[in-house]
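Student: I have just opened a structure that is new to me. Could you walk me through some parts of it?
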Amino acid sequence: MVANAGPLNAPQTLRRAATARTSCRHCGQIVPASTSAADAAFCCHGCETAYAVIRSCGLERYYELRQNLGDTTPALTSDRTYADFDEPTFRSLYTRSSGGVSRCDLFLHGVHCAACLWLIERLPRMVPGLIEARLDLRRSIVRLSWDDSVVALSRIAATLASIGYPPQPARDRKAREGRVREDRRQLVRLATAGAIAGNVMLFAAALYAGMFDAMDPAHRQFFRWSSMILTLVALAWPGRVFFTSAWAAIRTRTPHIDVPIALALLAGGAWSVYTTVKGEGEIYFDTVSVLVFALLAGRFFQSRQQRSSADEVELLFSLTPSRARLVDDAGVRDVPIEALTPGVIVEVRAGDSVPCDGVIVEGDSHVDQSLLSGESRPVRAGRGERVAAGSVNLSSVLRVRVESTGEETRVGRLMRLVGEGASRRAPIVRFADRAGHWFTLGMLLLAALTLCVWLAIEPSHAVDHAVALLVVTCPCALGLATPIVLTLATGRAARRQMLIRGGDTLQSLSTPGIMVLDKTGTLTHGRLTLVEWIGPAAIRPLIAALESGSTHPIARALARDLAEPDAPRTPRVDHLEQTTGAGIRGLVDGVNLVVGSVPFVRGLAADPHALAERAGAFAADGLTPVLAAINGTVVALAALGDTVREETGSTLAALRSRGWTLLIASGDDERVVRHVGQSLGFLAGECLAGQSPEQKLALVEGLKSRGKVVMVGDGVNDAAALAAADVGIAVHAGAEASLAASDVYLARPGIATILELLDGCERSMIVIRRNLWVSLFYNVTAAGLAVAGMINPLLAAVVMPISSLTALGVSLRSRTFGDRP
Amino acid sequence: MSVLYIVVPLAILLAGAGVLAFAWAARSGQFDDVDSPAERMLHDD
């Protein structure tokens with residue numbers, strides 16, 4: 001009724017304007033215009049379910065808490081029954097029972113903030129029989145304990161899913177528990193070393209004070225023996241790690257920093273034991289025990305960092321589904337993925353992930369293959385076509401004949417490439433280790449020289465001076481300060497939402513090289529939006545109403561971007577009819593409306609304004625044109641595209657001015673990539689389109705001969721290339737698994753954060769170099785004094801901590817990422 | 001000053017007790033997750 005009154009003779013172009021829209025009550029995201037209830041305030045069915053469950057249990061405070069935190073994602077609810085969680089095989093694998101109480105660790109999707117912690121730990125109020133739910137926020141693992149006679153695990157799992165946290169068994173429990181145990185052992189060792197160092201220092205203070213007063217020789221010996229016993233405990237238990245590692249280094253002839261450390265500990269300890277037993281001469285027990293503590297502390301920080309990345313690798317497991325719906329003579333059964341063999345038929349419901357590689361034998365749907373190809377548009381999939389594991393079935397049920405499963409699927413091979421890429425990555429020889437090699441040789445030569453010189457001058461003090469040299473030049477700043485700078489830098493970066501794996505990454509990113517950028521989701525937003533509109537404004541709400549009846553991504557984009565924010569009522573839709581892969585038609589407010597692809601609409605309507613030709617021009621620019629016809633006449637043209645992020649242009653310009661060489665490698669269509677590349681100042685030769693994951697990997701491998709290659713990409717489709725590159729930077733929010741393959745994960749969308757990352761890395765390297773110079777200065781001065789025979793145990797005990805504290809102070813006060821602490 | 005022969009071993013025993021208490025706490029998992037409790041205590045109702 002309204003549509004025909006519109007100014008049809010003068011089609012106008014309107015840019016999409018950002019407008020305030022209703023936001024989802026559960027997740028806060030914008031709600032697409034809906035044909036259902038007028039008061040619907042949910043973006044999807046999942047959020048609606050989650051909201052209802054949370055309200056019915058009186059836990060609305062979750063929303064209050066979350067508002068303060070401002071961090072939300074739509075709920076991922078599903079209709080799974082989780083019946084398999086009650087099967088004996090599952091129970092024997094993942095749950096432990098004692099005295100009627102069962103325990104199980106479940107990995108949860110969608111955990112993101114402290115409000116989730118609050119909600120999940122109130123789960124016992126929703127599920128009677130559940131005794132406790134404790135969430136480990138960092139690992140997204142919930143530990144459940146429940147009463148088996150009252151409630152089944154499947155019911156708890158289904159409740160978790162209904163509030164938006166679909167659970168999965170945390171699979172490699174053994175590896176994780178091993179890491180936790182190692183963590184605890186290290187803490188205990190550190191505490192022991194600390195307690196011993198403190199007490200030995202107290203004895204040392206008494207002894208130094210006694211140097212000036214006449215100390216009773218019996219008391220003096222008592223303190224010396226007490227120091228000795230404690231220090232020997234520290235060396236034999238917490239300090240043993242240095243000796244075993246140094247011994248391994250000597251046996252394999254790969255000297256590293258532990259060799260000079262072990263040498264200093266051994267020389268200081270052995271000489272002090274000798275003088276203590278003899279009853280006269282210098283002792284270095286305080287220096288030795290403090291060294292053990294300080295070096296263990298440095299090591300602890302380092303391994304804590306490495307462990308958290310090991311936890312993240314576990315997320316890789318959660319990518320492909322663990323269950324499949326097997327179709328056989330008896331009907332459809334839910335089976336574990338391991339039960340699938342090539343040749344059997346599986347059913348994939350709309351919204352599910354495809355569990356295997358295979359050929360479609362029944363059904364006609366759209367699949368989202370962005371996991372593998374990075375293609376932002378969904379692909380039509382009908383009978384006889386191949387689908388890959390990990391792609392998501394979007395619109396209707398498919399039946400697929402299995403060709404390969406698990407490791408043999410494309411995604412499985414990709415994961416293996418990732419694994420190989422990670423292990424093949426040449427261990428960057430750490431500077432400290434290399435330095436340690438020459439340092440050891442130098443110190444040994446110098447100690448021998450000192451011994452010879454002093455044997456000639458004053459034989460009684462020769463050994464004493466040589467030992468003092470070894471103790472005082474222990475490369476403490478190298479062993480302590482470098483890991484602390486790296487830990488502090490990565491910690492501060494994490495607070496600024498940049499997750500960095502390992503110190504070598506910091507070093508690699510501090511100088512320019514070649515940067516390969518993915519397009520979808522990296523340079524662009526990664527989703528379709530309305531870019532151009534030609535036609536009367538009055539029919540926009542009608543199209544929005546019609547399209548909100550479909551889940552197709554193009555339909556969702558139209559429903560979202562064409563809806564009127566303040567419309568008093570939603571137009572009424574009748575006789576909705578979808579043609580898969582072509583378009584949608586229906587009666588909207590009594591008007592016969594057809595919306596869809598150019599051939600589909602042209603086949604049903606006349607085109608007096610030659611809009612189809614303009615549609616062709618948009619298609620040439622890499623946009624997706626959609627025509628709309630009313631009562632048999634084409635009246636409007638919408639063009640959808642994946643728009644470039646606002647900050648991309650300036651970021652790329654800044655990167656170029658720093659000397660980085662930039663390339664685009666995308667799985668997308670040639671036209672789309674060329675169009676985006678040109679608008680961002682890339683030459684035609686710098687835009688590579690239609691790249692499969694394997695081609696991207698080859699590209700990165702090839703470029704490595706020309707210099708350092710940094711790959712910036714999103715998701716698993718780039719995983720192999722991310723792992724193969726010298727540094728892989730994953731940028732797409734949500735693709736947690738890419739962190740397993742990459743060295744850096746930027747949680748903020750877009751690439752603007754890269755500049756901040758590069759700055760931080762550069763500054764961290766400056767701090768590390770400064771530390772090395774400080775420790776070199778100390779060691780050279782101390783070595784000079786020791787050779788001159790001027791170092792006594794008191795001076796060693798003062799100089800050694802000062803050198804560590806200076807290095808530590810410099811590291812703590814330095815600006816690496818963000819502002820000063 | 002012979003009191004030292006009693007006090008010093010006593011002090012070391014006390015320190016040892018402290019280390020044992022810490023080891024017990026660490027082994028029973030008190031330090032496994034140091035992030036969540038910080039959030040949890042803010043939300044108790």
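Student: Leaving aside neighbours within four places in sequence, which residues is A:Ser145 in contact with?

Tutor: A:Ser145 is in contact with A:Val101, A:Ser102, A:Arg103, A:Leu130, A:Ile131 and A:Glu132, once its neighbours within four places in sequence are set aside. Please keep in mind that this is a predicted model.

Student: Where does A:Ser145 lie?

Tutor: A:Ser145 belongs to strand β4 of chain A, which covers residues 141–147.

Student: Does A:Ser145 count as buried or exposed, and why?

Tutor: A:Ser145 counts as buried because its relative accessibility is 9%, and buried means under 20%.

Student: Let us move to chain B. How many helices and strands are there in chain B?

Tutor: Chain B has two helices and zero strands. Its length is 45 residues, and 24% of them count as buried.

Student: How many residues does the contact take from chain A and from chain B?

Tutor: Chain A gives 31 residues to the contact and chain B gives 25 residues. The area buried between the two chains is about 2400 Å², and carbon and sulfur atoms give 61% of that area. On the side of chain A, the residues that lose the most area to chain B are A:Arg184, A:His219 and A:Phe222, together 23% of what that side buries.

Student: How many salt bridges does the rule find across the interface of chain A and chain B?

Tutor: The rule finds one salt bridge across that interface. A:Arg184 forms a salt bridge with B:Asp32, and the closest N and O atoms are 2.4 Å apart. As for polar contacts, the count between chain A and chain B is three residue pairs, both residues being at pLDDT 80 or more.

Student: And which element gives the largest share of the side of chain A that touches chain B?

Tutor: That is α7(A), with nine residues.

Student: Now the strands. In what order do the seven strands of the open sheet in chain A come?

Tutor: The order is β15-β27-β26-β25-β16-β23-β24, and the pairing is mixed. The edge strands are β15 (498–500) and β24 (687–688) of chain A, each of which pairs on one side only. Within chain A, β16 (residues 514–517) and β23 (residues 661–665) pair in the parallel sense over four bridges. A:Met515 has A:Leu662 in β23(A) as its bridge partner.

Student: Why is strand β22 of chain A largely enclosed by the rest of the structure?

Tutor: Strand β22 (residues 633–641) of chain A is largely enclosed because eight of its nine residues are buried.

Student: Which strands does β22(A) pair with?

Tutor: One of them is β17 (residues 529–534) of chain A, which runs antiparallel to β22(A) and is joined to it by five bridges. There, A:Thr529 has A:Gly641 as its bridge partner. Strand β21 (residues 624–630) of chain A also pairs with β22(A), in the antiparallel sense over seven bridges. A:Thr624 stands opposite A:Leu640 in β22(A).

Student: Which residue takes a positive phi in the hairpin of β21(A) and β22(A)?

Tutor: A:Asn631 takes a positive phi near 45° in that hairpin, which has two residues between the strands.

Student: And in the hairpin of β19(A) and β20(A), which residue takes a positive phi?

Tutor: In that hairpin, A:Asp589 takes a positive phi near 50°, and two residues lie between the strands. Six bridges join β19(A) to β20 (residues 591–596) of chain A, and these strands run antiparallel.

Key. Residues numbered from 1 in each chain as written. Chains lettered and ligands numbered in written order. Predicted model: local features only at pLDDT ≥ 70, side-chain atom pairs only at ≥ 80, totals over all residues. Heavy atoms only, no water. Buried < 20%, exposed > 50% of the residue type's maximum accessible area, 1.4 Å probe, protein only. Pairing = 2+ DSSP bridges. Contact = heavy atoms within 4.5 Å. Buried area = accessible area lost by both parts, 1.4 Å probe. Salt bridge = Lys/Arg side-chain N within 4 Å of Asp/Glu carboxyl O. Polar contact = N/O pair within 3.5 Å; in protein donor to acceptor, adjacent residues only side chain to side chain.
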